[in-house]
Amino acid sequence: MIDSFKTLLAGAFAALFLFSSAAVYAEPDAAQDSQAVAERVENLKKKVIGLNRDLFILEEDLLFPASTQFAVFLSVDAGEFLKLDAVKLKVNGDIVASHLYTDRQVSALERGGMQRLFIGNLKTGTHEVTAFVEGIGPDNRAYKQAASLAFEKGTETAALEIRIQDRSSDYQPTVSIVEWE
C-alpha cells in the first residue's frame, strides 16, 4: 500500500515537471500565459507537498500504530560529571538501539536537547527496558552505568525517557529511566 502511494507521488512529480516544461515552451512570447502557468505550477507544487505530508503521516500510522507504538528518548542534565560517549538500549533482552555520540551531539544534549533513541512497536503487557551508558566520568575515568525499568504497556502509545543527571552530593552522574504519563 505504501509503495502504491510512493508511485503516485513519483507520478505527481513527473506530471509537475512535464506540465511546467510543456506549458512554458508552448508560447514563450505571451507574458500573461507565462504568469498563469507559473501560478498553476506553484499550486501543483503545493498540492504535491501536501500529498507528500499526508503520505508520511499515513506511513507512520501504518508502521507504528498508536496501540503498539513505543518510543525511548534520552536527555542529559548539565553534564558536568559525565562526558557521554555511548548509549545502548535493550528491550526484553534484545539490543534495539545503540548510539555513539559526537562532541556536537553531546553539547546539544547538555544544552537541553532530547534525542529520540528508539521508536518501534511493542505488544501490550509487561516489558523490561535496560539502558547502558558509557563515557568519561569524574577524574577522567571510564564510566559505565546501567539502569532498568519494568513497565506495563497498555493500548496507548508508551514513551520512556533515559535521564542522565549530575548528582552534586557525591559528584557522580546518575542514570534513570522514567515513564512519561
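Here is a walk through the aromatic pairs of this predicted model.

If you search the whole structure, you end up with four aromatic pairs. Take Phe-73 and Trp-180 to begin with: their ring centres sit 4.7 Å apart and their planes meet at 10°, so this pair is stacked. The cut-off for stacking is under 30 degrees. Phe-73 belongs to strand 1, residues 69-77, while Trp-180 is in the segment after strand 8 (172-179), so the contact ties together parts that are 107 residues apart in sequence. As for solvent, Phe-73 has a relative accessible area of 18%, so it counts as buried, since the limit for that label is under 20%. Trp-180 comes in at 34% relative accessibility and is partly exposed.

Now hop over to Phe-81 and Tyr-171. Here the ring centres are 5.6 Å apart and the planes stand at 85°, so the pair is edge-to-face; that label needs an angle over 60 degrees. This pair also links distant parts of the chain.

Phe-70, Phe-118 and Phe-151 come together as one aromatic cluster.

Terms used: Residues are numbered from 1 along each chain as its sequence is written. This is a predicted model: local features need pLDDT of at least 70, side-chain atom pairs count only at pLDDT 80 or more; totals for chains, interfaces and linings use all residues. Side-chain values use heavy atoms; hydrogens and water are left out. Rings of Phe, Tyr and Trp (its six-membered ring) pair if their centres lie within 6.5 Å; planes under 30 degrees apart count as stacked, over 60 as edge-to-face and the rest as tilted. Helices (H or I, at least four residues) and strands (E, at least two) are DSSP runs, numbered from the N terminus. Buried means under 20% relative accessible area, exposed over 50%, partly exposed in between (1.4 Å probe, protein chains only).
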